[in-house]
Amino acid sequence: MTFDLFDNETTEPAREVIAEGAVVLRGFAAEAAPVLLAAIDEVASRSPFRHMETPGGHAMSAAMTCCGEMGWITDRRGYRYEARDPVTGQPWPAMPERFLALAKEAALEAGFEDFVPDACLINRYRPGAKMGLHQDRDEQDFSQPIVSVSLGLPIVFQFGGPRRSDRPLRVPLGHGDVVVWGGPVRRNYHGVLTLKAGDHPLTGNCRYNLTFRKAG
Ligand code: MD3
Ligand code: FE
């Protein structure tokens, strides 16, 4: 006799649907993590992590860089996508093959057939860094999902509603977790609580988050 229940648990990714259009794939990127982290270092050697300035004049506590055709930036003039890194004056580094493959696999797993991201924002959190509730609305096409990949130290994600005043749900995100955000939740408020100190075997005192987007 075979135990189908156990077979399923080992062959299917563990998926948690936290809202219509929001699917958590636990550990989906765990195997690829060492390759992804090496690719992050490669990107950052060409477009270094920096603390961007908000339009209000505050430095963001998460350090950021980007890869792909377009990169997200913020400065005193506002939030936008640009084809060149303002720090280097050069085009953003190309999106690593393994990044693109993973983003497409995750989107497919969540039911998005032809996700072709042209931008990947890389956030680096050190202990004390956070990201307040905000919406991602600088992209052109809201029918395209966002795929997010968490690497390194765990954090508590805040998943709000379409209004800032909607009480956010708290979802812990750990190393290798991938979330696909599409459909109605694509416009929801979201953020992360302050990163707590820790020591991860692959990233030390950091958490990295990759967000894949179709900006243009
Ligand atoms: C839900 N990053 O870069 S990823 C961001 O952990 C950002 O670094 C957070 O929010 C981080 O903009 C959260 C998860 C995420 C990303 C985009 C979303 C959740 C989302 C867009 C819509 C709804
Ligand atoms: Fe966001």
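A polar side-chain atom of Asn123 lies 3.0 Å from an oxygen atom of ligand 1, and in this predicted model that is one of the polar contacts, meaning pairs of N or O atoms within 3.5 Å, that I would like to show. Asp136 also places a polar side-chain atom 3.2 Å from an oxygen atom of ligand 1, and for Asn209 the corresponding distance is 3.3 Å. Of the 490 Å² of accessible area that ligand 1 has on its own, the protein covers 98%, with areas taken from the Shrake-Rupley method and a 1.4 Å probe.

Around ligand 1 there are 19 residues, counted when one of their heavy atoms lies within 4 Å of it, and Asn123, Tyr125, His190, Arg207 and Arg213 are the closest.

A word on conventions: residues are numbered from 1 along each chain as its sequence is written, while chains are lettered from A and ligands numbered from 1 in the order in which they are written. Local features need pLDDT of at least 70, side-chain atom pairs count only at pLDDT 80 or more, totals for chains, interfaces and linings use all residues, and side-chain values use heavy atoms, with hydrogens and water left out.

Turning to the rings, Arg124 lies over the face of Phe49, at 4.8 Å from the ring centre, and the charged end of Arg187 sits over the ring of Phe142, 4.0 Å from its centre; the criterion is NZ of Lys or CZ of Arg within 6 Å of the ring centre and within 35 degrees of the ring normal.

Finally, ring pairs link Phe157, Phe159 and Trp181 into a cluster, where rings of Phe, Tyr and Trp (its six-membered ring) pair if their centres lie within 6.5 Å, and planes under 30 degrees apart count as stacked, over 60 as edge-to-face and the rest as tilted.

Conventions
Polar contact = N/O pair within 3.5 Å; in protein donor to acceptor, adjacent residues only side chain to side chain.
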